[in-house]
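Q: I would like to learn how to read pockets, cavities, cores and backbone angles from a model. Could we go through them one at a time?

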Amino acid sequence: MSDSDGRGRLTVLKTYKLYVGGKFPRSESGRVYEVTDARSRWLANAPRSSRKDARDAVVAARKAFGGWSGATAYNRGQVLYRIAEMLEGRADQFVREVADAEGLSRAKAAAVVEASIDRWVWYAGWTDKIAQVVGGANPVAGPYFNLSSPEPTGVVAVLAPQQSSLLGLVSVVAPVVATGNTAVVVASETRPLPALSLSEVLATSDVPGGVVNVLSGRTAEIAAPLAAHQDVNGIDLTGAGGDAALAKELEVAAADNLKRVLRPSARTGTGAAPADDWTQDPGTRRMTAFLETKTVWHPTGALGVSGSSY
């Protein structure tokens with residue numbers, strides 16, 4: 001890459017950083033690794049996260065969980081919509097980064113960015129509706145109300161898709177936070193730059209610090225401590241879909257404290273890409289994957305001396 005932009009001035013190269021607890025630290029280890037484009041040309045040095053960075057991200061996510069899960073669903077929807085607004089304003093930057101990362105033409109990269117913005121809006125609309133779909137009053141044989149309502153699982157580790165640097169990333173992160181969970185996201189190992197730039201959008205979109213934490217580096221190195229971490233309540237293994245041995249290893253580690261595990265989608269043949277098509281209607285599967293159902297029983301009829309009833 002040239003040191004000059006052709007106009008006699010030095011190019012200002014961007015320093016990419018992690019996003020943990022609403023701040024932008026360098027990796028605790030001080031390590032970086034080279035990120036190249038689809039033609040193997042150098043793009044940037046990305047921070048290579050350590051186990052310590054992963055633990056710090058879990059602490060930040062746990063600290064943020066109470067406030068985020070306790071916010072109204074309507075408020076969470078407003079925040080997610082704000083992310084879409086800010087991403088729209090920086091669309092040109094993301095078009096360039098997606099085109100470089102995925103080897104797409106500018107027109108195709110623009111379509112990916114537009115779809116990513118729409119995906120945030122789509123999940124923003126679901127925040128105050130998912131409870132009506134998966135919760136409700138249950139028929140029981142007795143003088144009782146039996147009501148079920150969904151609650152977020154907690155801290156969720158998300159392994160972002162390796163090939164889809166932005167749309168796939170948004171498609172796995174948005175449903176986790178839309179339903180009140182907090183997330184520790186491991187960006188695509190080979191295409192991390194759109195994820196690291198998305199962190200800057202999150203930081204300016206009213207997302208409380210710690211709700212989403214973004215790490216870059218070697219997926220297996222970061223995912224192992226997250227899968228075994230006793231304060232992580234769930235893990236999405238989408239980004240490990242290309243490595244069956246790693247996915248199995250992480251699932252075994254996750255079983256140690258009964259984490260919820262979202263397995264990679266089934267593959268359609270030997271050497272085939274994962275079955276996920278990020279351009280399709282995502283449905284509710286990824287939202288319900290990290291929800292718990294709370295059921296409350298309440299008697300009906302006259303109660304107490306006052307004769308009041310419910």
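A: Let us begin with the class of the residues around an opening: this is a predicted model, and in it the lining of the largest pocket divides into 10 nonpolar, two polar and four charged residues.

Q: What volume does the largest pocket have, and which residues lie nearest its centre?

A: A pocket is an open set of grid points, described by its volume and by the residues that line it. Here the largest pocket has a volume of about 410 Å³, and of the 16 residues that line it, Tyr-16, Leu-43, Arg-96, Glu-97 and Asp-100 lie nearest its centre. Strand E2 (42-47) and helix H3 (91-102) each supply at least two residues of that lining, and H3 gives the most, with six residues.

Q: How many cavities of 30 Å³ or more are there, and which residues line the largest cavity?

A: A cavity, unlike a pocket, is a space where the probe fits but cannot get out. The count comes to one cavity of 30 Å³ or more, and the largest cavity has a volume of about 40 Å³. Its lining is made up of Leu-169, Val-173, Val-185, Ala-195, Leu-198, Leu-202, Val-212 and Val-214. The elements that give two or more residues to this lining are H6, helix H7 (193-203) and strand E7 (212-215), with the largest share, three residues, coming from H7. By class, the lining of the largest cavity has eight nonpolar, no polar and no charged residues.

Q: Which residues touch the most other members of the largest nonpolar core?

A: A nonpolar core is read as a set of buried residues joined through their side chains. The largest one has 59 residues, of which Trp-120, Val-185 and Leu-198 touch the most other members. Helix H6 (residues 167-178) provides the largest share of this core, nine residues. Apart from it lies another core, of 25 residues, among them Ala-157, Val-184, Ala-240 and Ala-254.

Q: Why is helix H7 described as largely enclosed by the rest of the structure?

A: The general idea is to ask how many residues of an element fall under 20% relative accessible area, the cut-off for buried. H7 is largely enclosed because nine of its 11 residues are buried; these are Leu-193, Pro-194, Ala-195, Leu-196, Ser-197, Leu-198, Ser-199, Val-201 and Leu-202.

Q: How many residues of helix H8 are buried, and which elements do they pack against?

A: Seven of the 10 residues of helix H8 (residues 219-228) are buried, so H8 too is largely enclosed by the rest of the structure. The buried residues are Thr-219, Ile-222, Ala-223, Ala-224, Pro-225, Leu-226 and Ala-227, and they pack against helix H1 (51-70), strand E5 (155-159), strand E6 (182-186), E7, E8 and helix H9 (244-254).

Q: Where is Ser-50 found, and is Ser-50 buried or exposed?

A: Ser-50 is found in the loop between E2 and H1, and at 7% relative accessibility Ser-50 counts as buried. A polar atom of the Ser-50 side chain lies 3.3 Å from the backbone nitrogen of Lys-52. Beyond its neighbours within four places in sequence, Ser-50 is in contact with Ser-27, Glu-28, Ser-29 and Arg-31.

Q: Which residues have a positive phi although they are not glycine?

A: Most residues other than glycine have a negative phi. Among those with a positive phi here are Ser-40, at about 70 degrees, and Leu-258, at about 60 degrees. Ser-40 lies in the loop between E1 and E2 and counts as exposed at 59% relative accessibility. Leu-258 is found in the loop between H9 and strand E9 (260-262), and counts as exposed at 75% relative accessibility.

Technical notes. Residues numbered from 1 in each chain as written. Predicted model: local features only at pLDDT ≥ 70, side-chain atom pairs only at ≥ 80, totals over all residues. Heavy atoms only, no water. Core = buried A, V, L, I, M, F, W, Y, C linked by side-chain atoms within 4.5 Å. Buried < 20%, exposed > 50% of the residue type's maximum accessible area, 1.4 Å probe, protein only. Helix = DSSP H or I, 4+ residues; strand = E, 2+ residues; numbered from the N terminus. 1 Å grid on protein atoms, 1.4 Å probe; cavity = no way out; pocket = protein on both sides within 12 Å on 5 of 7 lines; lining within 4 Å. Points joined across faces, edges and corners; volume = space filled by probe spheres on them. Nonpolar A, V, L, I, M, F, W, Y, C, P; charged D, E, K, R; others polar. Contact = heavy atoms within 4.5 Å. Polar contact = N/O pair within 3.5 Å; in protein donor to acceptor, adjacent residues only side chain to side chain.
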